[in-house]
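Colleague: I would like to learn how to read aromatic contacts and a ligand site in a model. Could you walk me through them?

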Amino acid sequence: MTDSQYLLQTIQSLLNAPKSGEHDPYRPIWHFSPRVGLLNDPNGLSFFNGEYHLFYQWNPLKCEHGAKAWGLATSKDLIHWQHKPLALAPTEDYELSGCYSGSAFEVDGKLELFYTGNLKYQEGGRTAYQCRAQLDEKGVVTKLGPVLSLPEGYSGHVRDPKVWKHCDYYYMVLGAEDLQKRGVVILYRSTDLLQWEKCGDIYGTDINGKQDDNFMLECPDLFALDGHDVMITCPKTWIDVDDKATETFDVEVTLGELDYDQAIYNTTSSRLMDHGFDFYAPQTFEDDKGRRILFGWMGKPDEFEPYQPTIEYGWIHQMTCPRRLTILNGELLQQPVEELTTMRRNPLSGMCLSTSLIGLSAELLLQDIDGANVSLELSDDLSLLVTPSAVTTRRKNLKTGLWEEKTWQGKASSLQLMRDHSCVEVFINGGRAVMTSRFFGHAGGREQQCGFRFESDKALSYQHWTLEV
Ligand code: FRU
């Protein structure tokens with residue numbers, strides 16, 4: 001397809017989009033969601049030309065995966081987003097199966113974009129090119145073509161360039177599957193952004209003593225934060241669920257140190273980044289205030305995607321809220337950026353054993369919950385159970401109707417819940433753990449707009465706000 005054919009089809013898809021707004025009970029009001037089509041990974045996150053830039057994996061033509069484009073929205077406050085012209089459409093011969101994920105950073109007044117040109121062969125098999133493009137201050141994107149083709153020793157799964165500058169070099173990490181079907185992160189460097197030299201496989205299966213069954217690492221991110229080099233990866237492996245081989249969609253965060261000279265990443269600690277049902281392919285960037293901010297895809301490409309009821313309204317999936325990352329006493333914290341507090345309205349607080357709170361876009365803070373058993377209902381298909389030693393999200397599966405659970409093991413002292421119609425992000429103990437999930441059931445009488453209802457065996461002190469934009 002040429003650029004203009006792709007654009008004409010995108011316009012057609014937008015013109016045929018079902019009306020959203022008050023008819024669509026699932027549309028978040030302050031989380032970013034696509035007007036039509038399927039959204040997945042955040043890409044090219046950056047602060048450029050006085051605005052936050054949120055590029056994203058987008059199939060504007062249908063609510064299915066396929067040859068992805070890069071959509072773009074910008075914002076001055078991380079709350080109100082404005083849709084911008086389509087940034088990258090998969091129209092060149094090196095990217096016909098999709099302009100896959102990648103990153104952005106500013107050099108000499110232009111935003112440099114690096115992404116993967118994905119190419120699947122008709123006879124089977126695939127290859128990947130790492131490509132470069134630039135966005136200028138007028139918002140015009142120019143594709144500069146591939147800078148790297150598939151390196152030897154890897155399958156066609158080499159993608160998702162994250163690029164940054166350190167001392168005299170630009171560095172790029174790529175997620176890959178090697179020919180032994182092991183998931184690795186490859187490091188490259190360059191002085192001019194055109195010629196890239198391979199430094200080595202710095203992290204992954206059988207590297208530096210790491211043992212696992214991962215066959216691929218997607219969307220690597222590597223950055224310095226508070227004296228650590230933080231690595232985020234999405235390891236892909238298979239696990240048995242009810243005797244069925246099931247692909248995992250976890251996100252792992254690792255603290256350690258990147259030895260740039262030896263091209264090796266030394267891990268000091270590693271854990272899951274989110275304990276809910278819907279969090280994948282996150283990316284971070286540093287903003288003009290020096291904050292490290294993360295957005296994640298609040299979704300995953302599992303077999304249950306086609307059952308999401310938003311498809312009826314012409315769209316599927318959304319982003320997480322922007323979260324600030326910090327490290328405190330060797331622990332990574334994720335917290336909603338402070339801008340989000342400007343949405344707080346109708347403050348309500350109290351201390352009680354049980355209550356129901358109105359508002360489907362709302363924030364609830366529960367403090368001093370240590371030792372309590374709490375049941376917290378958000379809708380008839382999602383609730384949280386807090387015990388003195390764990391927090392569990394229970395959700396009804398969209399296809400089977402059976403309840404499923406995700407548990408974080410630990411003592412919860414405080415919970416901050418950010419709800420936006422069909423999603424919730426639960427920040428435990430000031431962001432030491434997070435649980436992110438979508439849900440589509442009816443709130444305890446959606447007509448009553450009841451967003452949270454809790455019952456506890458110990459009186460809980462709470463603060464509640466509705467969130468408005
Ligand atoms: C992760 C991912 C990336 C890829 C993109 C394609 O969700 O599979 O590895 O670049 O999505 O949309």
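Colleague: Which residues form one aromatic cluster?

Modeller: First, a word on the source: this is a predicted model, where local features need pLDDT of at least 70 and side-chain atom pairs count only at pLDDT 80 or more, while totals for chains, interfaces and linings use all residues. Residues are numbered from 1 along each chain as its sequence is written, and side-chain values use heavy atoms, leaving out hydrogens and water. Rings of Phe, Tyr and Trp (its six-membered ring) pair if their centres lie within 6.5 Å; planes under 30 degrees apart count as stacked, over 60 as edge-to-face and the rest as tilted. Here the cluster consists of Phe32, Tyr56, Trp58, Trp81 and Phe295.

Colleague: Why is the pair of Trp81 and Phe295 edge-to-face?

Modeller: Their ring planes stand at 75°, with the centres 6.0 Å apart, so the pair is edge-to-face. Phe295 is buried (under 20% relative accessible area, with exposed over 50% and partly exposed in between; 1.4 Å probe, protein chains only), at a relative accessible area of 2%. Trp81 is buried too, at 18%.

Colleague: And the ligand: which polar side-chain atom lies 2.8 Å from an oxygen atom of the ligand?

Modeller: A polar contact is a pair of N or O atoms within 3.5 Å; within protein, one must be able to donate a hydrogen and the other to accept it, and residues adjacent in sequence count only if both atoms are side-chain atoms. In this site, that atom belongs to Glu218. Asn40 also places a polar side-chain atom 2.9 Å from a ligand oxygen, and Ser101 has a polar backbone atom 3.1 Å from one.
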